[in-house]
Amino acid sequence: MTTEPRLFPFVKQYYKKPLLVDRAKGCRIYDESGNEYLDAYAGVASVSVGHVNSRVNARVIAQIGKVHHTTMIYRTRPMEEYLTALQTVLGDRLTRHFFVNSGSEAVDFACQTARARRNRPLIISFSEGFHGGTYLGKSATGLPAWQPAFGGDPNIHFHPIEPCRSCEEAKFDPRAKRFSPLSIDCSAHCLNDLETILHVRGGETAAVLIEPVLGVGGILTPSAGFFKRLTAICRTNEIDLICDEVQTGFGRCGGDLFAFRRIGFEPDILCMAKGIANGFPLGLVSATEDAVRGMADKLHFCTFGGNPVSCAAADETLKILLEERLAEHSAEIGERLMKNLSDTLFDVDAVLEIRGLGLMIGIEMADPALAANIHENAYGRGLLIGLGGRRRNTLRIEPPLVFTAADADQTVDLLVAAIREETSRA
Ligand code: PMP
């Protein structure tokens with residue numbers, strides 16, 4: 001490329017010399033010079049069944065040849081077949097669905113749905129949460145860098161997410177570095193203040209909005225006990241629990257297609273996107289019969305929602321996820337990564353914590369500049385990972401779910417080498 005297009009100034013591409021992607025296959029990306037990169041970031045946790053997946057692509061190509069756009073004013077087979085297949089996975093609680101274009105739009109629509117049902121304005125969100133780029137999504141995002149430019153929706157209240165490792169109940173061993181949220185059935189006293197606030201503001205609150213694992217916020221993993229108590233607080237106060245599984249869904253967190261089921265709680269409204277269609281644009285909101293009542297007499301429309309090509313991609317992606325048992329695989333490979341990383345990095349003081357669920361893993365570094373250098377160093381070694389956290393000091397590993405044991409071991413080798421080199425320099 002001779003001239004570079006002028007994007008909005010906030011578009012900050014990764015790496016001093018950004019990667020110009022030419023093609024990709026499975027868990028590998030290639031640049032125009034033919035250099036190969038191991039992709040441990042999957043287009044920001046979206047390419048769930050691997051780049052250029054031949055089954056997904058065959059369905060997409062076949063669908064483009066039949067019909068590629070209709071809107072939801074007509075029925076289409078891809079949309080209906082997909083929802084029928086998804087329903088068997090979702091069970092009989094979340095039985096109402098609405099397709100949108102993206103994760104942001106899914107969250108935005110979910111908040112509107114809860115406000116309409118409860119006829120109340122307030123959404124409770126969390127300090128380290130990220131919920132997208134629409135006005136409501138940005139307003140509900142706790143991370144200051146991602147909030148709207150000129151003041152957000154005033155009816156959002158942020159509750160702080162406390163690091164579990166500093167809580168006595170978690171019994172975190174700083175020498176082991178490793179932190180597992182599922183083993184902690186705590187009393188979640190970090191939610192005491194939320195209960196107090198709801199005594200006062202319960203009558204104006206529509207919903208609590210939360211990610212099961214807070215991805216952009218730095219792969220933060222509140223405990224199972226936290227979600228148990230949060231659900232109880234929502235039920236007692238008659239407010240909806242909106243679960244943003246845009247990043248965590250479709251097997252990413254391992255053990256189940258959805259993190260809320262792996263952790264063990266029941267949302268009223270579920271937001272999905274990213275991995276749903278292997279990177280083809282699609283968002284979905286699924287909710288209980290009760291949760292959608294307020295929308296019954298409202299008008300709402302999404303031109304590209306339920307696009308037949310995206311739905312065909314989603315349908316094939318779901319088939320592959322289930323046939324190849326990729327949620328189980330994600331748990332297994334994630335565990336291998338976590339174990340090998342913590343076994344190797346236990347003596348590195350600059351590594352504060354290694355945490356995650358399935359193939360959503362964060363390595364929190366003490367220093368953001370060091371994290372940035374490691375990110376760049378890993379790229380030089382042919383490894384693509386992400387960065388997150390309020391201070392951008394957490395390295396993010398979120399590869400395609402078809403990552404093999406050999407890919408995981410290669411990731412550990414390359415990343416540990418990058419961490420050791422940069423920490424010795426620091
Ligand atoms: N919610 C969460 C939890 C996300 O991680 C993201 C994207 N990073 C979004 C919402 C927004 O999704 P999209 O970029 O598809 O609009």
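Helices α2 and α9 cross in a right-handed sense; a crossing counts as right-handed if the near helix is turned clockwise from the far one by less than a right angle, and as left-handed if anticlockwise. The model is a predicted one, in which local features need pLDDT of at least 70 and side-chain atom pairs count only at pLDDT 80 or more, while totals for chains, interfaces and linings use all residues. Residue numbers start from 1 along each chain, as its sequence is written.

Helix α2 covers residues 54-66 and helix α9 residues 308-323, and the two pack at an angle of about 155 degrees with their axes 8 Å apart. Helices (H or I, at least four residues) and strands (E, at least two) are DSSP runs, numbered from the N terminus. Axes are lines fitted to C-alpha atoms, for helices over the stretch in contact, and angles run from 0 to 180 degrees between N-to-C directions. The angle makes α2 roughly antiparallel to α9, on a scale where angles under 35 degrees count as roughly parallel, over 145 as roughly antiparallel, 65 to 115 as roughly perpendicular and the rest as oblique. From α2, the contact takes in R55, V56, R59, V60, Q63 and I64, and these meet residues of α9 including P308, A312, E316 and I320; residues are in contact if their C-beta atoms, placed from the backbone, lie within 7 Å. By class, this contact has eight nonpolar, two polar and four charged residues. Here Ala, Val, Leu, Ile, Met, Phe, Trp, Tyr, Cys and Pro count as nonpolar, Asp, Glu, Lys and Arg as charged, and the others, Gly among them, as polar.

With α11, the axes come within 9 Å and cross at roughly 130 degrees, which makes α11 oblique to α12. This crossing is right-handed, and its contact residues include L370, I374 and N377 of α11 and L414, A418 and E422 of α12. They divide into seven nonpolar, three polar and two charged. Helix α10 (residues 326-345) packs against α12 at about 30 degrees, with the axes 10 Å apart, and is therefore roughly parallel to α12. This crossing too is right-handed. Among the residues in contact are I333, L337 and L341 of α10, together with A408, V412 and I419 of α12.

Five bridges join β4 to the antiparallel strand β11 (residues 283-287), with F98 opposite V285.

Another open sheet has five strands in the order β7-β12-β13-β16-β15, again with mixed pairing. Its edges are β7 (178-179) and β15 (386-388). Helix α11 (residues 368-380) packs on this sheet, touching β13, β15 and β16, and its direction makes about 35 degrees with that of β16. Three bridges link β15 to β16 (residues 394-397) in antiparallel fashion, and R396 is the bridge partner of G386.

Conventions. Pairing = 2+ DSSP bridges. Contact = placed C-beta atoms within 7 Å.
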